[in-house]
Amino acid sequence: MFERIVVRRGECPVYPTELAFALHMTEDVTQAIFERMKNIVKSLLKDIDIAKSNCPTGAHVAVLTYNNAAKTFVRFSDFRQKQLLLKEIEALIFERSQNRRNIGDGMQFVARNTFKRVRNGVLVKKIAVFITNGGSQDIKALVEADNQLIAAGISPIIISFKDIRDVEQVFTDAVFVLPRQMARSEEQLQRIHLCMLCFDMCEPSTGCPKPRTPFIYPENLEVTFIVHDLQQMESGNSEKVQHFVNSIINEFLNSTDPKAPDLHPGLAVVQYAPNHSLRYRKGPFNEEFGFLDYIAKTLKKRHTHDSFDQVNSSSIGSVIDWSLKNLFSNQQKYKVIFTIFSEETNIDEKKLLEISQEAKCKGFAVIALALGKITNITLLEKFVSFPSDQHLIHLDRAQKDEMEYALKYTVAFLKNLA
């Protein structure tokens, strides 16, 4: 069954939108600053059409505060009338906090929890507006937040009353620092309203900057995907894994400049066939997936579908060991081992942890995708790089939307390595 979404030019939002506001309540936020945060939310909502039902038009709005824990005041389903929504926002009471600010943690909470029950559709937009009184020193938390927001399809907007260069390093085009002068501050908010909340990709306003060209993978990156033999995997998972890997490879090829004279990202896929002797295959993996060799679309698709590099071994730990010794060069700065585990994967716990430790000591990032009911998920948490929640993706049922999340998260993680 298909929904027909009617796009009405001149309305805001142009597309059905799930819009969340997160106010960071920290030790330096006073009553006056909190009131300013509320006024910003009301100002941005002034010309927003609030959805009166679940039909694919207008905006659903959620409002929460965040310090070390989140407190939701308005859920997406709570209000269908703007005046009642604005009254609820006006009634929010200031609660003083003694906690230091960690914007990344707040963003991760929003990415994981706030948008769980929302409308879905090709044109539905998800936007999270974070309002803060300053920056955050935890860059790793910000990078992980960026990964999770991208994977969940959420566009962030960060509004700050002070310079937040640490946040700007990660969210380059999404940060707006409001000037102290009221008139200039209003101009910034109007720009956010026009170019972010009400942006029409088909008829963009002349006052809005052009969307940034998607950033590509670091040129000094090498990543190897290690996959259990697809023929021995449960058929449903086998198809999903093949689609996942094919999508990653096509993303790599499409996001890379084939004319780069020297370094370029490298990628290999090793299919693990258990219960056979290890067969050594000589040659660097970028001969298998050389970006200069596979430019034509038809060649890309045929190559990614048919040419898994197959290695025979009794355990996945041995395959990782072989890959470390034979596939990676010494030229690249960022090296990643990405292992896909399923319920059928044969795991030698001692060997797996030993080779994982060796890889980490050599500067490799160790990531894993686990599908289905893995009996020892604690082992995989030790296997991947720290922190495990940023390097281990566990999907119990591996449904289509979960695999899509895993794909987007992986792409964002690899692109954010530099």
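# Lys125 and its surroundings in a predicted model

Colleague: Leaving aside neighbours within four places in sequence, which residues is Lys125 in contact with?
Modeller: This is a predicted model. Lys125 sits in strand β4, which spans residues 125-132. Set aside its neighbours within four places in sequence, and Lys125 is in contact with Tyr15, Pro16, Thr17, Glu18, Met196, Leu197 and Phe199.

Colleague: Lys125 is buried and has no salt bridge, so how far away is the nearest side chain of opposite charge?
Modeller: A salt bridge needs a side-chain nitrogen of Lys or Arg within 4 Å of a carboxyl oxygen of Asp or Glu. For Lys125, the nearest side chain of opposite charge belongs to Asp200. Its distance is 8.5 Å.

Colleague: Which helices hold Glu90 and Lys42?
Modeller: Glu90 forms a salt bridge with Lys42, and their closest N and O atoms are 2.2 Å apart. The pair links distant parts of the chain, 48 residues apart. Both side chains count as partly exposed, Glu90 at 38% relative accessibility and Lys42 at 22%. In the order asked, the helices are α2 and α1.

Colleague: What separates Asp321 and Lys325 along helix α9?
Modeller: The side chains of Asp321 and Lys325 meet in a salt bridge at 3.5 Å, N to O. Asp321 is buried, with a relative accessible area of 12%, whereas Lys325 is exposed at 59%. They are four residues apart in helix α9 (residues 316-326), so their separation is about one helical turn.

Colleague: How far apart in space are Tyr334 and Leu417, C-alpha to C-alpha?
Modeller: Tyr334 lies in strand β10, residues 334-341. Tyr334 is buried, with a relative accessible area of 17%. Tyr334 and Leu417 are 83 residues apart in sequence, but in space their C-alpha atoms are apart by 7.2 Å.

Colleague: What share of the contacts with a separation of 6 or more comes from residues 24 or more positions apart?
Modeller: The protein has 13 helices and 12 strands. Of its 418 residues, 53% are buried. Among contacts with a separation of 6 or more, the share from residues 24 or more positions apart is 76%.

Colleague: Which element supplies the largest share of the lining of the second largest pocket?
Modeller: This pocket has a volume of about 1,100 Å³. Elements that each supply at least two lining residues are α3 (103-114), α4 (139-151), β12 (392-395) and α13 (400-415). The largest share is seven residues, and it comes from α13.

Colleague: How many charged residues are in the lining of the second largest pocket?
Modeller: The lining has 31 residues, with Ala151, Ala152, Asp401, Glu402 and Tyr405 nearest the centre of the pocket. The lining divides into 12 nonpolar residues and seven polar ones, while the charged residues number 12.

Colleague: Where is Pro387 placed?
Modeller: The peptide bond from Cys12 to Pro13 is cis, with omega near 5°, and Pro13 is found in the segment before β1. A cis peptide bond also joins Phe386 and Pro387, where omega is about -5°. The place of Pro387 is the loop between α11 (377-383) and α12 (388-391).

Definitions and conventions. Residues numbered from 1 in each chain as written. Predicted model: local features only at pLDDT ≥ 70, side-chain atom pairs only at ≥ 80, totals over all residues. Heavy atoms only, no water. 1 Å grid on protein atoms, 1.4 Å probe; cavity = no way out; pocket = protein on both sides within 12 Å on 5 of 7 lines; lining within 4 Å. Points joined across faces, edges and corners; volume = space filled by probe spheres on them. Nonpolar A, V, L, I, M, F, W, Y, C, P; charged D, E, K, R; others polar. Buried < 20%, exposed > 50% of the residue type's maximum accessible area, 1.4 Å probe, protein only. Lys, Arg positive; Asp, Glu negative; His and termini not counted. Contact = heavy atoms within 4.5 Å.
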